[in-house]
Amino acid sequence: DDLVSKDLVITLRDAGNDGAEIGRASLNCLPLLHDQLEVSGELEVKLTEAYHKKWWPELEEQQPDPKAKAKAKAKAAPAPDPAEVAEKPKRPEGFVPPTTKIVVTLSADSLVGPAEDREDWTTITMNLAGVFALPERLTAGAAEEFEAHPFTYKAVVFGEDFGEGKLAKPKEEAPAEAPAEEGDGGEAQGEAPENAEKKEKEAPSDEEVQSQKERFGMSVKFGEGKPLVRYRGKAFLKEFRFMLNYTGGVWLYFSVEEKPSTDPKKPNPPETAALAKHFAGKAWIDLRSLIRPGSRSVEGRFGMAGAASAQEMLPDAGCFEDSGTFVSLGLSLRSDAAPPPEPPVSDLRSLVPPRAPMNRFPGSADAATMYREVVESTFHAMCKDCTANTDSVASAVEQLKKAGTYDDLRESVRAAVIRVFRERLRKDTSAIPGRRLEGAAR
């Protein structure tokens, strides 16, 4: 946050004059976050008033201070020493002294910003001009005793606190209203109906009313009035984009706190604490315009609504909505909130996510070969062992049993057939493990 909100200040000091400050220069170190390991530049040193006078005394004489000139008239100065006058160089008219410069190089061993934010980060700048059109009960008595105002204020948006808020006087004094002329009473005093309609049409717009409130009304100012600059990384931008897509804005929360009285003889009114709770508020900051590419800033006036609970609200204290209270806020980002557009796709196959290859069943050639070999060997055994008249299966089986080869032939044929069936079932998508085959499948 310090790196994005403040420049590095280099102070040049005079070693021969007890370290007196000669001047200052500043260097922006923002590139060290994610872009560069080194920043450098030839910086202008803004001289202090004492050293400007010391190095360029003749310029001070050419442009004397009006107060010093008046004092010189009142009291005549002694005549200058001729030797000193001779030593002073004579400058041509309109002479501008050269700029004092210093060359600075700042380097880092590695990029300062978090590695996870390297390709997706930004800075957010928020400028809260103030809260305007305050309810009457909140500013009662402030015009007479401004410093005794019993409240301090707080504003929070995106979790960032703008610092202590204080009641501020109007920027300008409201112009006095012209007194109404005798007989000026509208239509009842003889005014034409068309003139009355014209006056209604000329009523100021909401924007004009708010502008007048900013100029002529009391307001709440926060901190030192400087913009709030913060660094934001990848995680914030992810949530920020989600917010733009689904809600389109954020709440600014406004709270009031009682300030202890500085005068023990004049304590705060008894209803001060209750009023502080009553005037809790919130303003909806519409950020939908940041969705558009190239749009990086939002600035406007946003209406304030009450945020106090039913138990904390007072019946006759008024509210923000009736007073037209609003917040003037500006917000800007270093880069677009929307992610950069994707490059065009040259090969549509690149859009298909990678997947593991499909399971491939091994071929069934081994089972078929084994089955053929078993059938051939069984046939040859039957031809060899069945030498007698074989007119039926039973007689063939009887002869094989007598030869002692029947059991071996039966097991070999059975194993070959089972292997063929297993190969068939493994590749049949209609077969369900553990369930008997029915109908045609069986």
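The model is a predicted one, and its protein chain comprises 13 helices and 15 strands. Of the 442 residues in the protein chain, 27% are buried.

**The chain as a whole**

**An open sheet of three strands**

- Strands of a sheet pair through backbone hydrogen bonds, either parallel or antiparallel.
- Here an open sheet of 3 strands runs in the order β1-β2-β4, and its pairing is antiparallel.
- The edges are taken by β1 (8–14) and β4 (46–47), each of which has a single partner strand, so one side of each is left without a neighbour in the sheet.
- Strand β2, which covers residues 20–27, pairs with β4 in the antiparallel sense over 2 bridges, and Gly-23 has Leu-47 in β4 as its bridge partner.

**A nonpolar surface patch**

- Tyr-371, Val-375, Val-417, Val-420 and Phe-421 together make a nonpolar surface patch of about 410 Å².
- The elements giving two or more residues to this nonpolar patch are α11 (365–385) and α13 (406–426), with α13 providing the largest share, 3 residues.
- Val-420 is placed in helix α13, and Val-420 counts as partly exposed because its relative accessibility is 33%, a value in between the limits of under 20% for buried and over 50% for exposed.

How values were computed
Residues numbered from 1 in each chain as written. Predicted model: local features only at pLDDT ≥ 70, side-chain atom pairs only at ≥ 80, totals over all residues. Heavy atoms only, no water. Patch = residues over 30% accessible without salt bridge, like charges linked within 9 Å, V, L, I, M, F, W, Y side chains within 5 Å. Areas by Shrake-Rupley, 256 points an atom, 1.4 Å probe, with all protein chains shown as cover. Salt bridge = Lys/Arg side-chain N within 4 Å of Asp/Glu carboxyl O. Helix = DSSP H or I, 4+ residues; strand = E, 2+ residues; numbered from the N terminus. Buried < 20%, exposed > 50% of the residue type's maximum accessible area, 1.4 Å probe, protein only. Pairing = 2+ DSSP bridges.
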